[in-house]
Amino acid sequence: MIAIHQLNHTFAIGKKGNEKKVPVLRNVSLDVAEGEIVAILGKSGSGKSTLLNLVAGFMSPDSGTIQVNRQEITSKNETEKSNFRLQNYGFIFQSFQLMPGLTAFENVELPLKLQGVKKVERQARVKEMLTQVGLLEVEDHYPNELSGGQQQRVSIGRALIGKPSILLADEPTGSLDSETEQEILQLIQLLNERFGITFVIITHDEEVARTAHRQYRMHDGAITEEAHYVS
Ligand code: ADP
Ligand code: MG
């Protein structure tokens, strides 16, 4: 489903005209199969978010290939990448990134509104999604009236409402206490089993990575290890 081959990326840092090129990803190759939960584990600064941004098509790599659902991401233009993201990816982040002026219901509904889905269908789909992520009773609450775990459930609902095949998660439990972290990890496993959604989770936390089907370890921009866990 995702096949990354020999990915290299550098950032230019420092004053213009006197930039230094800093390698951030070095020959990164990895695969994710359909229906898998894969964790990419590495310390802060090891290049995890850069890798995810490249897979999402927010940036272009210096070299290497990224195939997702049999399409080459690196050869798409910005419009094609944007359409590809809408059709294939959901995103969740450490900081939830909810719209503060919208209720839980409205946050989950927003992607459908942007797609022009009619109100009756929106209502039904959002209700169903709120049920799946366990939020029906707080659907009228605003983000600041929800716990961290509830806010992350809203962001998962919003990420999944457009029926993406792949969910990209950047430190999804990084802002949560350990009990809530377990709750969210269980929800991810449930959604994976129930709907076959593929999850790529990047994390610095061994315990989070252990709940994945498979994990890669990153160090200084390179994949150093692949471990298998039978769950
Ligand atoms: P991680 O997500 O594993 O913490 P990142 O991918 O965010 O790591 O960053 C990897 C390295 O690249 C870090 O040393 C960081 O400082 C550097 N970096 C990230 N983004 C940029 C950027 N836009 N410009 C320059 N350097 C960057
Ligand atoms: Mg990061």
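Which residues of α5 are buried? In this predicted model, the buried residues of α5 are Gly149, Gln151, Gln152, Arg153, Val154, Ser155, Ile156, Gly157, Arg158, Ala159 and Leu160. Helix α5 is largely enclosed by the rest of the structure, because 11 of its 13 residues are buried. The elements that cover these buried residues include β6, α3, α4, β7 (166–170) and α6. The length of α5 agrees with expectation: at 1.5 Å a residue, its 13 residues should span 18 Å, and its end C-alpha atoms are 18 Å apart.

Helix α5 also contributes to the largest pocket, as one of the elements that each supply at least two lining residues; the others are α2 (78–88), β6 (89–93) and α3 (104–114). The volume of this pocket is about 500 Å³. Its lining comprises 18 residues, of which Leu86, Tyr89, Phe91, Pro111 and Arg158 are the closest to the centre. Arg158 is among the buried residues of α5. Strand β6 gives the most to the lining, with 4 residues. By class, 12 of the lining residues are nonpolar, 4 are polar and 2 are charged.

The second largest pocket has a volume of about 240 Å³. Its lining consists of Arg125, Glu128, Met129, Gln132, Leu160, Ile161, Lys163, Pro164, Leu191, Phe195 and Ile197. Two or more of these residues come from each of α4 (119–132) and α6 (178–195), and the largest share, 4 residues, belongs to α4. Leu160, which is buried in α5, also takes part in this lining. The composition is 7 nonpolar, 1 polar and 3 charged residues.

The largest cavity holds about 50 Å³ of space and is lined by Ile2, Ile4, Leu30, Val32, Ile40, Leu51, Leu52, Val55, Leu168 and Val200. At least two lining residues are supplied by each of β1 (2–13), β2 (20–32) and α1 (48–56); α1 gives the most, with 3 residues. The lining has 10 nonpolar residues, with no polar and no charged ones. The second largest cavity contains about 40 Å³ of space, and its lining is formed by Leu54, Gly57, Met59, Ser60, Pro61, Ile66, Ile73, Thr74 and Lys81. Here the classes divide into 5 nonpolar, 3 polar and 1 charged.

Aromatic contacts were considered next. A pair of aromatic rings is described by the distance of the centres and the angle of the planes. The structure holds 4 aromatic pairs. One of them, between Phe58 and Phe91, is tilted, with 5.6 Å centre to centre and 40° between the planes. This pair links distant parts of the chain, since Phe58 lies in the loop between α1 and β4 (63–68) and Phe91 lies in strand β6, 33 residues apart. Phe58 is partly exposed, with a relative accessible area of 44%, whereas Phe91 counts as buried at 18% relative accessibility. Phe91 also pairs with Phe93: their ring centres are 6.2 Å apart and their planes lie at 5°, so this pair is stacked. Phe93 counts as partly exposed, at 29% relative accessibility. Ring pairs join Phe58, Phe84, Tyr89, Phe91 and Phe93 into a cluster.

Terms used: Residues are numbered from 1 along each chain as its sequence is written. Chains are lettered from A and ligands numbered from 1 in the order in which they are written. This is a predicted model: local features need pLDDT of at least 70, side-chain atom pairs count only at pLDDT 80 or more; totals for chains, interfaces and linings use all residues. Side-chain values use heavy atoms; hydrogens and water are left out. On a 1 Å grid over the protein atoms alone, a cavity is a set of points where a 1.4 Å probe fits but cannot get out, and a pocket is an open set with protein on both sides within 12 Å along at least five of seven lines; lining residues have an atom within 4 Å of a point. Grid points are joined across faces, edges and corners, and a volume is the space filled by probe spheres set on the points. Ala, Val, Leu, Ile, Met, Phe, Trp, Tyr, Cys and Pro count as nonpolar, Asp, Glu, Lys and Arg as charged, and the others, Gly among them, as polar. The expected span of a helix is 1.5 Å times one less than its number of residues. Buried means under 20% relative accessible area, exposed over 50%, partly exposed in between (1.4 Å probe, protein chains only). Contact means heavy atoms within 4.5 Å. Rings of Phe, Tyr and Trp (its six-membered ring) pair if their centres lie within 6.5 Å; planes under 30 degrees apart count as stacked, over 60 as edge-to-face and the rest as tilted.
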